Structure formats: structure tokens, C-alpha cells
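Hi,

Here is the structure I promised to pass on to you. Have a look at it first, and then read my notes below.

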Protein chains: 2
Amino acid sequence: MGIKERKKRNAGKMRARILKAAMQLYVKGGYENVTMRRIAAKIEYSPGTIYLYFQNKKDIMLQLCYQGFERLLAHQDKLEQIADPLERLSAGGRYYLAFALENPELYELMFATKEIFKESGPDEEAAPLRAFRGFAKNVKDCLDAGIFSANEVETTAIALWATLHGLASLLIKGRLRFLPEESLAEVVEQAYAFSLRKRGE
Amino acid sequence: MGIKERKKRNAGKMRARILKAAMQLYVKGGYENVTMRRIAAKIEYSPGTIYLYFQNKKDIMLQLCYQGFERLLAHQDKLEQIADPLERLSAGGRYYLAFALENPELYELMFATKEIFKESGPDEEAAPLRAFRGFAKNVKDCLDAGIFSANEVETTAIALWATLHGLASLLIKGRLRFLPEESLAEVVEQAYAFSLRKRGE
DNA sequence: TGACAAACTGATCAATGTTCAGTAAATTAT
DNA sequence: ATAATTTACTGAACATTGATCAGTTTGTCA
């Protein structure tokens, strides 16, 4: 009696096709480029069909937002191999910024979606929170190693995350365009290094 | 021959009326609540009239964005009275965050508008850059006082600004909602304090 | 094969930003 | 004062949007 399973699989595949099409449209031209009719054309179904698999456009965009966090998490395990905690945190920051700059539209979406935690409060299983917990773990290792002054882990993690997110956001939104282009990368690198300055420096 | 002047004044007043109506709509319900027809209804003109004073909706939103920076700058002079540079920087940060949280939609707009610097590159006279220069001045005073480790002023200013902007953005977008509500303010305060930690701490 | 259910269609709706021929008001010239 | 001209404004119209739903096709099972 695998019929129900097959149907679920089919529905899942359809959802995936829709999301794939939506993602392609989104990364190419942002929110306004994602149109129910354009998605429908891409998957070769009629617009009405999409509403059998998603509540509305917002629902689709929310799923894309989650996919963004999944992608961000995808390479987290590579960081684990770095032994030195401060170096690991530093590399994590560089990776974070690189991800944001390589996927600017996606990164925007990841932090533009207000409804992300709306449904029944924050879910520890959710990708956004898992990403933060992984980051906080690295911060904890630094604190344990006495690299920063004594502080709450969460407080320190939030401060450093905020710096990274702030830099990513300012860069993507072109708010640092007053700096000479060629020194931009260097300035950003050093700015994050300043936030990571060790106790006594 | 004050006729031309009067016409300019009238056109200016009309622009102001339109922007006022647009701002009211925006702070109440965000971007999608700002509608050319709704603006027109508020100012009691027909929709077409708006296009005699603004290029399009984007143009209107851009002006609102500028108004946001003007408001942010409005109380900057009060900070100047604080003698101690670190205390001044700290108070500036608190004021910045308070502004962002009291005007969340406006703050979003201030940093959501990509076109802000599009026209002929960054303009030193523009409010956004003036705001940064004011902030950087406070940072310079701290560096001169030896409070932070030697560094480029711009680099340090960007690091601290990014932290503030990151905190504001994360708060507004609800990304810190996994923290207990009652400790949120405290955590944010301490997170910024961490970024401001003095040399040797 | 026939009855039922599930999947899909596409015309349709209200609302959006924007345009522009036409009207009304204000100004200048006669 | 009246006519001519410029300026200000209107609102119907257009293309496109997200969303709906009666009707059709496809698939499943007795």
C-alpha cells in the first residue's frame, strides 16, 4: 500500500520544482521578478496549480529563506577541522561574509523575512537557530580559552554575529560604497578583526 | 518678480504633502501599504498628479529614506556635550539603537534602499554620509585617547557601526526572538559594550 | 467498465504602478 | 476686459500582479 507514500513523494517533487523555479527567478531579479505566472511557465503548469502546493507567494518566499540558511550551514562542518578556536571563528566570519557576497539576494531574503519565527515561536530544529548555535559553539571555545574577557557566551556571540551581519548588510546595500573599491575587502577584513581583538590587545 | 519663487514654493509644498502622506502610510503598514492611489486620496488629488512632482513610487520611497537619515541626525548635536569620548560613543550607540527600534519601518527603509548612492556616486553632503562622518569623529576621539588599539579610524568606525546596524537589523527582523524577552535589552546593551571593550580588557 | 476522487486548468477578480488625451485654472498678451 | 497661451490637474485606460474557483482532465479502485 505505497500509494500514499508515492503521492507524498510526488507532492514533494512538485514543491521542489516550484521552489527551484522560484529560486532561479529570485536570484536573477529579486522579489519582484518572482511571479506566480513566471513560476508556472517555468514548471509548465498553470498558475492555479501552484496554489495546490503552497498557500501563497509569501509561503514560497519563506521556504526559499529556509533554503538559504540550509546552504549557509552546508559547509559548517569544514570549519570544525580548524583546531585553534580564534582561527576557527575568524575563518567562520570570512566564510559568512563570502557567502553573503556571493548570494546577495538570497542573503537579503534570509534576513528580510519577518515571518521566519512567527509560527509557534523559534524552533530549535530550524536552520537559522542551528546556524547560530554552531557559531555560538565556536565563540564558547574562544571564551574557554580565555581569548576574550569573561562574558556570557550568548552576549559575545550576538555581538560578533551582529558585526558580521552588519558588514554583510552594509556591503550588499552599498552603504560602504564611499570607500575606494580596491581597499574595500581589506577594510572589511580588518573591521571584523577589530571585533575579534583579543584580551589585552 | 517673485512669481517663479512662488511656483517653486508651491511645488515644494506639494512635494512635502505627498511625502507626508506617503510617510504616514509607510510607517503604518510598510511598503505595500504605500499606494499611489492611497497617497492621492490622502492629499485629495488624483493619482496622476503625483507624477508631476515625483518620477515614480521608487523616487518617493527614496526621499522618505533620506528623511530617515535626517531624523537620525537631528539629535546628533546633543551627543557633542558629552566630554568623555568612550561615553560619547556608547551613548551614541544607545541612541542609534533606540532610534532604530522606535522607527523600525523607517530604519528598514533607510537600509533597504539600494539606489541611495546610485546618482553620481556618494555625495559628502548627503545625510547618510554625514551621519557616518559624525560617528567616525567620535571614534577618532577614542583612538586619540588611546582607548582602542591603534587602528585606522575608518576601519574601527565601520566595525562599530556594523555592530550597531547588525544589532538593529537583527532586532527589527526578530532574529533575536529566541532570547527571553525580558533579558533582550540587557543582552543587546552588553553586546555593544563588548564591541566597545577597551584596550587591555 | 463505471463511479469516484484527485490533480489541474485558465478565465476571472480586484488592485497595482504608470501613462496620456483631455479639461480646468492661472498667467500673459492684446 | 478679452483672447491666447501656458500650467496644473484629472481620470479613464493599460499591462501586470496575487489569488480564486467552477469546470475539465487524469488517475484510482470496486
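**What I found**

Glu44(A) sits in the loop between α2 (36–43) and α3 of chain A; helices here are DSSP runs of H or I with at least four residues, strands are runs of E with at least two, and both are numbered from the N terminus. Before going on, a word on the source: this is a predicted model, where local features need pLDDT of at least 70, side-chain atom pairs count only at pLDDT 80 or more, and totals for chains, interfaces and linings use all residues. Residues are numbered from 1 along each chain as its sequence is written, while chains are lettered from A and ligands numbered from 1 in the order in which they are written.

Phi of Glu44(A) is near 60°, a positive value in a residue other than glycine. Is Glu44(A) buried or exposed? Glu44(A) counts as exposed because 9 other C-beta atoms lie within 10 Å (exposed is 12 or fewer within 10 Å, buried is 20 or more, partly exposed is in between, with C-beta atoms placed from the backbone). In chain B, Glu44(B) is in the loop between α2 and α3, its phi is near 60° too, and it is exposed, with 9 other C-beta atoms within 10 Å.

Now for the two chains.

Where do they touch? 34 residues of chain B are in contact with 34 residues of chain A (contact means C-beta atoms, placed from the backbone, within 7 Å). On chain B's side, α9 (153–172) and α10 (181–195) each supply at least two residues, and the largest share, twelve residues, comes from α9(B). Of the interface residues of chain B, 100% are also interface residues in chain A, so the copies meet through the same surface.

Then there is the DNA. 20 residues surround DNA strand C, and the closest are Tyr45(A), Ser46(A), Gly48(A), Gly48(B) and Asn56(B) (a residue is near a strand if its C-beta atom, placed from the backbone, lies within 6 Å of it).

Val27(B) touches Glu105(B) and Leu106(B), leaving aside neighbours within four places in sequence.

Cheers

Conventions: Two residues are in contact if their C-beta atoms, placed from the backbone, lie within 7 Å.
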